[in-house]
Amino acid sequence: VEDLAAVVRLRTTARVVAIADVLEGSEQRSVYLYGSEPSVLEETVDGTDHAFTLRTVEGAARGLSDAADPRGRAGDDGPLHLGAAPPPELEEELKTAETVLRLYVVVRSGEDEVQEFSISVASGPFGVWFLSGHADPATGEQEIWARRLGRASLDVAFAELLAGPVVEPA
């Protein structure tokens, strides 16, 4: 995208804003995403250079999947683990993670209301883990959701987040 006015308009009218921090070894890079379905403006920064690319939600989701799992380690989907603690094997496997992507998403869900989502994706010889934490609005009690994801499910999960999930309070 080369038209600065279009970039400014997309950034200021976005319903979804996401920041993806990708850590691979000692390297870290960030990708900024501004979504107004069906489009997502992707901003990458290299030093003082900012590059903008207009993508579909699905294209931006595939880009995040590529960043989270650059070596194609995703295998089959696994069961969903819910609880106060992560599954026992997760902690040990995360020590061997080759890539970690942390995604923070803010969604305008109403005129004066936003919702926030924060997830992490780790990939390595063990496959790909998708992790998120959730708080019970009534009690504040924390729960961890963790699941191994295959590539198709990872693409869908990122697309759902970039399309602007709206969670209705219970």
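**Salt bridges and a buried glutamate**

In this predicted model, Asp155 is buried, its relative accessible area being 18%. This residue takes part in a salt bridge with Arg151, in which the closest N and O atoms are 2.9 Å apart. Both residues belong to helix α4, which spans residues 151-162, and they are separated by 4 residues, about one turn of the helix. Arg151 is classed as partly exposed, with 29% relative accessibility, whereas Asp155 falls in the buried class because its 18% lies under the 20% limit.

The structure holds 10 salt bridges in total. Side chains of opposite charge can pair when their charged atoms come close. One of these salt bridges joins the side chains of Arg73 and Glu98, with an N to O distance of 2.6 Å. Distant parts of the chain are linked by this pair: Arg73 lies in the loop between α2 (57-68) and β5 (81-83), Glu98 lies in the loop between α3 (88-94) and β6 (99-110), and the two are 25 residues apart. Arg73 is partly exposed at 31% relative accessibility, and Glu98 is also partly exposed, at 22%.

A further salt bridge is formed by the side chains of Glu93 and Arg148, at 3.0 Å from N to O. Here too, distant parts of the chain are linked, with Glu93 placed in helix α3 and Arg148 in strand β9 (residues 142-148), 55 residues apart. Glu93 is buried, with a relative accessibility of 18%. Arg148, by contrast, has a relative accessible area of 22% and is partly exposed; this value is not under 20%, so Arg148 does not count as buried.

Glu42 was examined as a separate case. This residue is located in strand β3, which covers residues 39-46, and is buried, with a relative accessible area of 12%. Its side chain makes a polar contact of 3.0 Å with the side chain of Arg55. When neighbours within four places in sequence are left aside, the residues in contact with Glu42 are Val31, Tyr32, Leu33, Ala51, Phe52, Thr53 and Arg55.

Technical notes. Residues numbered from 1 in each chain as written. Predicted model: local features only at pLDDT ≥ 70, side-chain atom pairs only at ≥ 80, totals over all residues. Heavy atoms only, no water. Buried < 20%, exposed > 50% of the residue type's maximum accessible area, 1.4 Å probe, protein only. Polar contact = N/O pair within 3.5 Å; in protein donor to acceptor, adjacent residues only side chain to side chain. Contact = heavy atoms within 4.5 Å. Salt bridge = Lys/Arg side-chain N within 4 Å of Asp/Glu carboxyl O.
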